[in-house]
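Subject: Structure for your review

Dear colleague,

Please find below the structure that I am handing over to you.

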Amino acid sequence: MLDHIKTLSSDEFEGRGPGTKGEDLTVDYLTDQFKKLGLKPGNADGTFIQKVPLVGITPTPAPLIFKKGNETKQLKWRDDVVAWTKHVADSASLDNSELVFVGYGVVAPEYNWDDYKDVDVKGKTLVMLVNDPPVPDPSKSEELDPKTFGGKAMTYYGRWTYKYEIAAQKGAAGALIIHETGPAGYPFDVVQQKVTEQFDLVTPDKNMGRVNIEGWISTDQGRALLKMANQDFDALKKQAATRDFKPVALGVTASMTIKNTLRTIDSRNVVAKLEGRDPALKNEYVVYTAHWDHLGIGPAVNGDRIYNGAQDNASGTAGLLEIARAFTKLPQPPKRSILFLSVTAEEQGLLGSEYYAVTPIYPLTKTAANINMDGLNVYGRTKDITLIGLGASELDDYVRDAAGEQGRIIRPDPEPEKGFYYRSDHFNFAKQGVPALDPDSGIEYVGKPADYGKKVRDNYTEHDYHQPSDIVRPDWDLSGAREDLKVFFTVGYRIAEANKLPEWKPGNEFKAKRDAMLKGGQ
Ligand SMILES: [Zn+2]
């Protein structure tokens, strides 16, 4: 495992950016490994490759200008504002577009929540807060109401991707999110990575249905903007956590022109197959995924421009290869087939997995489950294993059993407020109805103090997550990852042998889609 990680995260692989020399090297490496294991090409066309057409959009740095009467304020590119356009066009602009603060920008009928009320925001630029509205529990005011937006857990309404989607649906010209480290789940310098080339799937409307300009402004600039509008950030934020909130016209306009450099590339998902032994069930699939891409070469940090992505996600990719190896060592293959799918452009918005999920090689009705690996445990053995979105599907029960046989327990996400269920590739399978598992490292380390797990995790998030310093460290201990991989192997194997396909649990948001799909598929 360590050899794979070292190779994939070496400087030679240049941080594995899609469309770079790093992609060529990575795709060749994975293909070569799968071939050596004696696996079959995973694509029905006889190759190990699924082409993923992407458009790369590089914005030219530009200031964002706020204007109120004669008063103007210029926000500096990257330091104060990170913005882009998804329009596949040479440029996009905001031209004295009126700014409207829309709180959390959420429309959620199931929670009887609408931040827009009847206000028409067409052509305007929305200023929004990140995460879900934090609604206090009516009985315990210091806690969040578990019945509204999942309490402490982040729902999809809290994700930045949702904010730009709803802004587009409302016909807005622009959407600016005020960054805050706590609610976002990561510091502003993670947002600042987005000043480089960003990729998107090539859509028929060239993304013209999106708002002209999407972006983030720093906390300080968000506060300053509201001050300029004679508003108080904290007071508005408090109002925004109530159902009575109404949009607030700020009396300030925004102007910005972003020029683009465009290129289209075919990036690649790499896919290998172990054919099942049962004549009928071999047409059903258990799909393991791990994204191979990372951020490539970007802005220098301490003189280093290569974002090696050792944990994220050379480690998961190495895990995928080792699980594949384990399957080839079985005396006979399982009844169902196993697909090993290493997807591209996860860091660009889960694009490779989205492409697979909407353009699958094998029908999703025949896809039993997805098991995703994104960032393995490099700190030693744990007594537990975390399941993001615990309670979603019967896959949890498979993990509980397999972990139990190792004397370990499963636990829910310790940081549900960060919305991890929406932040890696399994989400695209879930969105399409396929039961999908998002396991994560445990937090209770064998022979370590109780706070060790949180410490190493926070340290990684703060210093190395999406930074050039995400590299292989001499003190890594992969014994915990090895145990986790055994669990993932066992889970996939047992699903591939089971009498029936795993299901979503009642009440899950994706269950209706799966039930309809399977009914239609019969
Ligand atoms: Zn990742």
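In this predicted model, helix H8 passes helix H13 in a right-handed crossing. H8 spans residues 310-328 and H13 spans residues 479-497; their axes come within 10 Å and cross at roughly 55°. That angle makes H8 oblique to H13. On the H8 side, the contact is made by Gly-319, Ile-323, Ala-326 and Phe-327, and on the H13 side by Leu-485, Phe-488, Phe-489, Gly-492 and Tyr-493. By class, these residues comprise 7 nonpolar, 2 polar and no charged.

H8 also packs against helix H2 (residues 21-36), at an angle of about 15° and with the axes 10 Å apart. H2 and H8 are therefore roughly parallel to each other. Here too the crossing, of H2 past H8, is right-handed. Tyr-29, Leu-30, Gln-33 and Phe-34 of H2 meet Thr-317, Leu-320, Leu-321 and Ala-324 of H8. The contact of H2 with H8 contains 6 nonpolar, 2 polar and no charged residues.

I turn now to the second largest pocket, which has a volume of about 620 Å³. It is lined by 28 residues, of which Met-154, Thr-155, Tyr-421, Tyr-422 and Glu-509 are the closest to its centre. Helix H3 (residues 160-169) gives the most to this lining, with 3 residues. The lining of the second largest pocket divides into 16 nonpolar, 8 polar and 4 charged residues.

Yours sincerely

Methods
Residues are numbered from 1 along each chain as its sequence is written. This is a predicted model: local features need pLDDT of at least 70, side-chain atom pairs count only at pLDDT 80 or more; totals for chains, interfaces and linings use all residues. Side-chain values use heavy atoms; hydrogens and water are left out. Axes are lines fitted to C-alpha atoms, for helices over the stretch in contact, and angles run from 0 to 180 degrees between N-to-C directions. Helices (H or I, at least four residues) and strands (E, at least two) are DSSP runs, numbered from the N terminus. Angles under 35 degrees count as roughly parallel, over 145 as roughly antiparallel, 65 to 115 as roughly perpendicular and the rest as oblique. A crossing is left-handed if the near helix is turned anticlockwise from the far one by less than a right angle, and right-handed if clockwise. Contact means heavy atoms within 4.5 Å. Ala, Val, Leu, Ile, Met, Phe, Trp, Tyr, Cys and Pro count as nonpolar, Asp, Glu, Lys and Arg as charged, and the others, Gly among them, as polar. On a 1 Å grid over the protein atoms alone, a cavity is a set of points where a 1.4 Å probe fits but cannot get out, and a pocket is an open set with protein on both sides within 12 Å along at least five of seven lines; lining residues have an atom within 4 Å of a point. Grid points are joined across faces, edges and corners, and a volume is the space filled by probe spheres set on the points.
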